[in-house]
Number of protein chains: 2
Amino acid sequence: MLTIYGFPISSCTKRVALILHEKLVPFRLVTVGPQDFKSPEHIKRQPFGQIPVLYDDDYHLYESRAIARYINAKHADKGTPNLAPLADDHHGVGKFEMACSIEYSQFAPLVDRLMKEVIFQELRQQPVDEAVRASLKASLEAKFDVYNNILKEQDYLAGDNVSLADLFHLPECDLIVHKFDRDIIESREHVAKWWKNLSDRASWLAVKDGVQSTPSS
Amino acid sequence: MLTIYGFPISSCTKRVALILHEKLVPFRLVTVGPQDFKSPEHIKRQPFGQIPVLYDDDYHLYESRAIARYINAKHADKGTPNLAPLADDHHGVGKFEMACSIEYSQFAPLVDRLMKEVIFQELRQQPVDEAVRASLKASLEAKFDVYNNILKEQDYLAGDNVSLADLFHLPECDLIVHKFDRDIIESREHVAKWWKNLSDRASWLAVKDGVQSTPSS
């Protein structure tokens with residue numbers, strides 16, 4: 001049985017659990033809350049003091065996208081097929097890696113700022129700098145204008161099939177839709193269709209309100 | 001002949017050229033300067049208005065790390081071998097992806113802030129916020145403390161062999177050493193040795209002062 005150390009409502013914990021559900025791999029969630037991220041016990045698991053962490057028997061890994069890629073490689077024959085191209089499909093590998101890198105470089109830093117400067121501020125009932133809010137909205141809109149053009153030509157970011165690159169966006173897009181401004185996504189025809197296709201997936205429905213251990217585990 | 005659209009002293013252009021040198025793949029550099037990043041002509045190549053961009057005949061790709069992974073996959077039999085593990089080495093894939101993700105999530109955002117808030121300010125002879133400088137230094141030191149512990153156990157970030165994950169750091173570490181504070185890297189025994197091994201590579205010596213088309217091209 002795989003064990004994930006994480007926090008049920010964290011985006012990165014959801015990213016890993018989502019892929020485990022896609023690949024039909026059961027897992028046990030051990031909750032590590034924000035107050036314990038920097039504890040000596042957790043630093044032994046994750047030296048940067050973050051979540052999630054995977055243990056697969058003696059094998060140990062952190063960084064959510066890396067865990068997802070490991071799960072996908074190891075369980076290639078289970079669940080949703082072809083979430084990443086085969087290594088000898090060089091053009092496919094390039095397009096897939098480009099889509100993964102766009103998520104990481106264009107999109108994740110903005111969502112990180114959104115979390116710190118808007119969502120957490122609102123949770124703490126602290127004032128949000130309206131200039132920051134407007135600037136973040138404008139930046140996200142500019143990125144999604146490009147996404148909309150990409151998704152006009154193909155159903156998913158790496159081509160016509162869903163891949164890890166699309167799924168990696170799900171926790172982040174969910175924050176934008178439910179905690180910031182749903183129009184950024186829903187007003188753009190092709191982005192809206194992509195988001196609906198992704199957010200209707202059984203894997204996402206299983207984790208979106210909080211990750212739990214797989215029922216069988 | 002491969003064509004790279006980029007800017008000779010940009011970190012991301014250097015990242016791609018470095019891997020092309022490692023894999024002994026000749027290329028032609030077409031310079032696109034900062035004044036042209038958002039031009040209509042360049043937006044057709046890179047819709048986010050950034051560099052570098054690769055053209056390999058009709059095939060077209062952007063995002064430096066994705067280009068590097070494509071080059072490595074397509075030219076597996078050339079130049080430095082084993083810059084990424086084979087797909088069926090699941091444990092190797094996981095450790096490699098973890099190292100790549102650490103570079104992207106822990107390290108690149110700090111270097112991005114360093115560029116914007118310190119290096120560019122100094123280039124423009126604008127004042128640098130000393131609190132920002134100190135906070136960036138402390139954050140980089142904390143990350144390199146973890147790197148030092150990792151590199152105490154193994155020579156490179158994904159194991160005992162050099163990989164793309166190490167090479168991806170080269171342009172960023174060069175900025176830290178030459179434009180910010182070399183002690184952050186050089187005062188940490190295992191990080192210093194890792195940096196020396198990487199920065200002595202012929203591939204880096206060929207691109208560090210500015211990328212040029214391969215002599216034969």
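Analyst: In chain A, 14 residues of domain 1 touch 16 residues of domain 2, where contact means heavy atoms within 4.5 Å. Domain 1 of chain A covers residues 2-83 and domain 2 covers residues 90-201; such bounds come from an automatic or database domain assignment. This is a predicted model, in which local features need pLDDT of at least 70 and side-chain atom pairs count only at pLDDT 80 or more, while totals for chains, interfaces and linings use all residues. Residues are numbered from 1 along each chain as its sequence is written, chains are lettered from A and ligands numbered from 1 in the order in which they are written, and side-chain values use heavy atoms, with hydrogens and water left out.

Taken over C-alpha atoms, the centres of the two domains of chain A are 22 Å apart. Together these domains bury about 1,300 Å², and carbon and sulfur atoms account for 57% of that area. Buried area is the accessible area, found with a 1.4 Å probe, that two parts lose on being put together, summed over both. On the side of domain 1 of chain A, A:Arg65, A:Arg69 and A:Leu83 supply 45% of the area buried against domain 2, more than any other three residues.

Charged side chains also link the two domains. Six salt bridges are counted between domain 1 and domain 2 of chain A, each a side-chain nitrogen of Lys or Arg within 4 Å of a carboxyl oxygen of Asp or Glu. A:Arg65 is a partner in a salt bridge with A:Glu172, the closest N and O atoms lying 3.6 Å apart.

Helices (H or I, at least four residues) and strands (E, at least two) are DSSP runs, numbered from the N terminus. By class, this side of domain 1 has four nonpolar, four polar and six charged residues. Here Ala, Val, Leu, Ile, Met, Phe, Trp, Tyr, Cys and Pro count as nonpolar, Asp, Glu, Lys and Arg as charged, and the others, Gly among them, as polar.

Some strands of chain A deserve a look as well. Strands β1 (residues 2-6) and β3 (residues 53-56) of chain A run antiparallel and are joined by three bridges; two strands pair if DSSP finds at least two bridges between them. A:Ile4 has A:Leu54 in β3(A) as its bridge partner. β3(A) is also antiparallel to β4(A) (residues 59-62), with four bridges, and A:Val53 stands opposite A:Tyr62 there. The hairpin of β3(A) and β4(A) has two residues between the strands, and A:Asp57 in the turn has a positive phi of about 50 degrees.

Chains A and B bury about 2,900 Å² between them, 67% of it from carbon and sulfur atoms. Two salt bridges cross this interface, and one salt bridge joins B:Arg69 to A:Glu97 at 3.3 Å, N to O.
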